[in-house]
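Open the structure in your viewer and keep the selection panel at hand. The stops below are meant to be taken in order.

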Amino acid sequence: MVAGHLVENVAVKLLQLAVTELPQDVKDALQLAYLKEDNPVGKSQLKAILDNVDLAEKTCAPMCQDTGVVIFYVKAGSKFDGLDQIEDALRKATIRATKEVPLRPNAVDPFTQKNTGDNTGRQIPYIHWEIVPGDSLEITVMPKGGGSENVSALGMLSPNKGINGLKQFVIDTIIKAGAKPCPPTILGVAVGGGADIALKLAKEALLKPLNQPNPDPELAKLEQQLLEAANSTGIGPIGLGGKTTVLAVKIDYAHRHPASYPVAVVAQCWAARRASARINSNGKVEYLSHKVK
């Protein structure tokens, strides 16, 4: 049986990796944006971002002072022992990481305005569960910053608006957001399901690797169209002008009610923090998003 303390230790490591070291696909996208940029101000901002990313990795310090609200995505094998211990282990890991990494305390009671001081509180860290066949446990953490979260948008469109309505809503959202989400951003876009389902899928789409195109050719084409349209706005890095406003667009969907056409857009800032690991039933740990010695 895999003990809860192993899950806790792995989750602490994932939080440390997420806030101090970007996944390689995100670093590659930022580097490509820098090489392509010909706006001198935009290029200087991308250079500053890349220097910051490198320094954070070398010093093992958070790349941004906003280390976000902690969200875990747990893919649990149905035969994995100790599933009842997981939530407590992830909560303990969050408390430990707040002190050890450190993370900025970002869990505030919306009524009393009191900060808990340890990044835990009611429903925080938030945990998404998925039960799958097997006996392993896969944990992904996404520390979600406030600036990018604040430009999230949900549109309950008329079904007759269709794909053109979706495109218009996404681009309008980008223009309205401007510099607020610290571009260049990654966009998670989801359509269908219902209001809550679309938003959930849009946020989860941010976990998809930037260098893997959508397996659905039509959705891959739509992602590319939205990416080109977003970058034609000229908002640019940190909103100061340039070719790259968005690094990637990732789309997901659910079937919808005939009367509803929900479209959700969730942005992730350039500090696209995520980290994943798999814990096998024998206790062996594999880090999936980062190289760990």
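Helices and strands here are DSSP runs, numbered from the N terminus: a helix is H or I over at least four residues, a strand is E over at least two. This is a predicted model, in which local features need pLDDT of at least 70 and side-chain atom pairs count only at pLDDT 80 or more, while totals for chains, interfaces and linings use all residues. Residues are numbered from 1 along each chain as its sequence is written, and side-chain values use heavy atoms, with hydrogens and water left out.

Select Ile238, in the loop between α8 (217-231) and β6. Its phi is positive, about 55°, although Ile238 is not a glycine. Next take Cys60, in the loop between α3 and β1. Cys60 also has a positive phi of about 55° without being a glycine, and with a relative accessible area of 37% it is partly exposed.

Most residues other than glycine have a negative phi, and most peptide bonds are trans. Two cis bonds can be inspected now. One joins Ile124 and Pro125, with omega about 5°; Pro125 lies in the loop between α4 (86-100) and β2. Another runs from Pro183 to Pro184, with omega near 10°, and Pro184 belongs to the loop between α6 (162-177) and β5.

**The sheet**

Show the strands β2, β1, β3, β8 and β9: in that order, these 5 strands form an open sheet with mixed pairing. Two strands pair if DSSP finds at least two bridges between them. β2 (126-132) and β9 (285-287) are at the edges, each with a single partner strand, so one side of each has no neighbour in the sheet. From one strand to the next the twist averages 15°. Zoom in on β8 (residues 275-279), which pairs with β9 in the antiparallel sense over 3 bridges. Ala277 has Tyr287 in β9 as its bridge partner.

Contact means heavy atoms within 4.5 Å. Which residues are buried in α7? They are Ala198, Leu201, Ala202, Lys203 and Ala205. Their cover includes β1, β3, α5 (146-149), β5, β6 and β7.

**The cores**

A nonpolar core is a set of buried Ala, Val, Leu, Ile, Met, Phe, Trp, Tyr and Cys residues joined through side-chain atoms within 4.5 Å. In the largest, of 30 residues, Leu30, Leu210, Leu247 and Trp270 touch the most other members. Its largest share, 5 residues, comes from α3. Select Trp270: leaving aside neighbours within four places in sequence, its contacts include Leu22, Leu30, Cys182 and Ile238. Another core, of 28 residues, lies apart from this one and has Phe80, Leu137, Ile139 and Ile279 among its members.

**Last stop**

Finish at Leu157, in strand β4 (residues 153-157). Leu157 is buried, with a relative accessible area of 17%. Beyond neighbours within four places in sequence, Leu157 is in contact with Gly165, Leu166, Phe169, Tyr261 and Val263. Leu157 and Phe169 are 12 residues apart in sequence, and 8.8 Å separates their C-alpha atoms.

Terms used: Axes are lines fitted to C-alpha atoms, for helices over the stretch in contact, and angles run from 0 to 180 degrees between N-to-C directions. Buried means under 20% relative accessible area, exposed over 50%, partly exposed in between (1.4 Å probe, protein chains only).
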